[in-house]
Structure formats: C-alpha cells, structure tokens
Amino acid sequence: QVQLVESGGGLVQAGGSLRLSCAASGNIFRIRTMGWYRQAPGKQRELVATITSGASTNYADSVKGRFTISRENGKNTVYLQMNSLKPEDTSVYYCTWVEYNYWGQGTQVTVSS
C-alpha cells in the first residue's frame with residue numbers, strides 16, 4: 001500500500017505564491033518519477049510538472065518560468081513552488097508516482113483576481 005499526501009494549497013491573490021508538498025509513504029522501494037497534475041472544474045486533468053530521481057524536470061508550457069518542481073529523495077517528498085500565480089492556475093493539484101500510477105487526494109489552489 002502506497003500513500004501520497006499533498007499539503008500547502010489554499011487561497012492566494014493573483015501574483016502571489018504557494019508551495020505544495022507531497023509525501024509518499026508505504027511500500028516504497030524506489031520512486032523514479034514524481035509529478036504534479038491539476039484539474040479545474042469541467043476540464044481534463046493536465047500535466048503541470050514532473051521530476052525524476054536524477055532531477056530531470058519537465059514542465060507544461062503554461063507554468064514554465066513560474067513554477068519549480070523539486071524533490072528530496074531520502075524523504076520521498078516532492079514540492080511545487082508556484083510563483084506569479086494567475087486566476088487560471090485555480091485547480092485541484094494532484095501528486096503522482098508516475099511509474100505506478102499512484103495518486104494523492106488532491107489539494108485545492110484558488111487564485112483570486
């Protein structure tokens with residue numbers, strides 16, 4: 001059994017910042033790729049960013065230059081630093097262990113204009 005628990009969401013004004021965290025626990029032997037996805041009401045879930053155990057990163061074009069993904073391998077934790085937030089970033093943000101398709105419960109991020 002694997003659990004991914006997100007934290008750090010909330011309400012912020014446009015231009016502000018938030019930092020999301022996701023801690024993985026349970027039957028973990030090696031997590032290669034972790035990532036963040038988001039889903040707004042009425043829309044499909046979309047990629048935000050991913051990071052490998054070797055720290056290779058990939059970002060959606062919409063967040064490049066504003067969001068930064070990082071991880072602490074020893075703690076099986078991944079972070080998403082979100083700066084210059086826009087109202088269109090409002091979504092539920094989900095953490096995932098990509099290779100095994102494990103997902104967290106999601107954390108709400110709301111950006112007011």
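User: Let's begin with Met 82: which residues is Met 82 in contact with, leaving aside its neighbours within four places in sequence?

Analyst: Contact means heavy atoms within 4.5 Å. By that rule, Met 82 is in contact with Gly 16, Ser 17, Leu 18, Leu 20, Arg 66, Phe 67, Tyr 93 and Val 109, leaving aside its neighbours within four places in sequence. One thing to keep in mind is that this is a predicted model, where local features need pLDDT of at least 70 and side-chain atom pairs count only at pLDDT 80 or more, while totals for chains, interfaces and linings use all residues. Residues are numbered from 1 along each chain as its sequence is written, and side-chain values use heavy atoms, with hydrogens and water left out.

User: How do I read a nonpolar core, and how many residues are in the largest one?

Analyst: A nonpolar core is a set of buried Ala, Val, Leu, Ile, Met, Phe, Trp, Tyr and Cys residues joined through side-chain atoms within 4.5 Å. Buried means under 20% relative accessible area, exposed means over 50%, and partly exposed lies in between (1.4 Å probe, protein chains only). Here the largest core holds 27 residues, and Trp 36, Leu 80, Met 82 and Tyr 93 have the most contacts inside it. Several elements give two or more residues to this core, including strand 1 (2–7), strand 4 (33–39), strand 8 (77–82) and strand 9 (91–97). Strand 3 gives the largest share, four residues. As for the word "strand", helices (H or I, at least four residues) and strands (E, at least two) are DSSP runs, numbered from the N terminus.

User: What is a salt bridge, and how many does the structure hold?

Analyst: The general idea is that side chains of opposite charge can pair when their charged atoms come close. The cut-off for a salt bridge is a side-chain nitrogen of Lys or Arg within 4 Å of a carboxyl oxygen of Asp or Glu. The structure holds six of them. In one, the side chains of Lys 75 and Glu 72 meet at 3.8 Å, N to O. Lys 75 counts as exposed because its relative accessibility is 56%, and Glu 72 counts as partly exposed at 30%. Elsewhere, salt bridges that share partners join Arg 38, Glu 46, Arg 66 and Asp 89 into one network.

User: Let's look at Arg 38. Is Arg 38 buried or exposed?

Analyst: Arg 38, found in strand 4, counts as buried because its relative accessibility is 5%. The side chains of Arg 38 and Glu 46 meet in a salt bridge (2.7 Å, N to O), and Glu 46 is partly exposed at 37% relative accessibility. Asp 89 also forms a salt bridge with Arg 38, with the closest N and O atoms 3.0 Å apart. This pair links distant parts of the chain: Asp 89 is in the loop between strand 8 and strand 9, Arg 38 is in strand 4, and they are 51 residues apart. Asp 89 is buried too, with a relative accessible area of 1%.

User: Which side chains make polar contacts with the side chain of Arg 38?

Analyst: A polar contact is a pair of N or O atoms within 3.5 Å; within protein, one must be able to donate a hydrogen and the other to accept it, and residues adjacent in sequence count only if both atoms are side-chain atoms. The side chain of Arg 38 makes one with the side chain of Ser 62 (3.4 Å), and another, of 2.9 Å, joins the side chains of Arg 38 and Tyr 93.

User: Now the surface. Which residues form a nonpolar patch there?

Analyst: Patches are made of residues with over 30% relative accessible area and no salt bridge: like charges are joined within 9 Å, nonpolar side chains (Val, Leu, Ile, Met, Phe, Trp, Tyr) within 5 Å. Phe 29, Tyr 100 and Tyr 102 form such a patch, with about 340 Å² of accessible area together; accessible areas come from the Shrake-Rupley method with a 1.4 Å probe, and for residues only the protein chains shown count as cover. Tyr 100 lies in the loop between strand 9 and strand 10 (102–103) and is partly exposed at 44% relative accessibility. Tyr 102 is in strand 10 and is partly exposed at 33%.

User: Last one: what is phi of Asn 101 near?

Analyst: As background, most residues other than glycine have a negative phi. Phi of Asn 101 is near 60 degrees, a positive value in a residue other than glycine. Asn 101 lies in the loop between strand 9 and strand 10 and counts as exposed at 52% relative accessibility.
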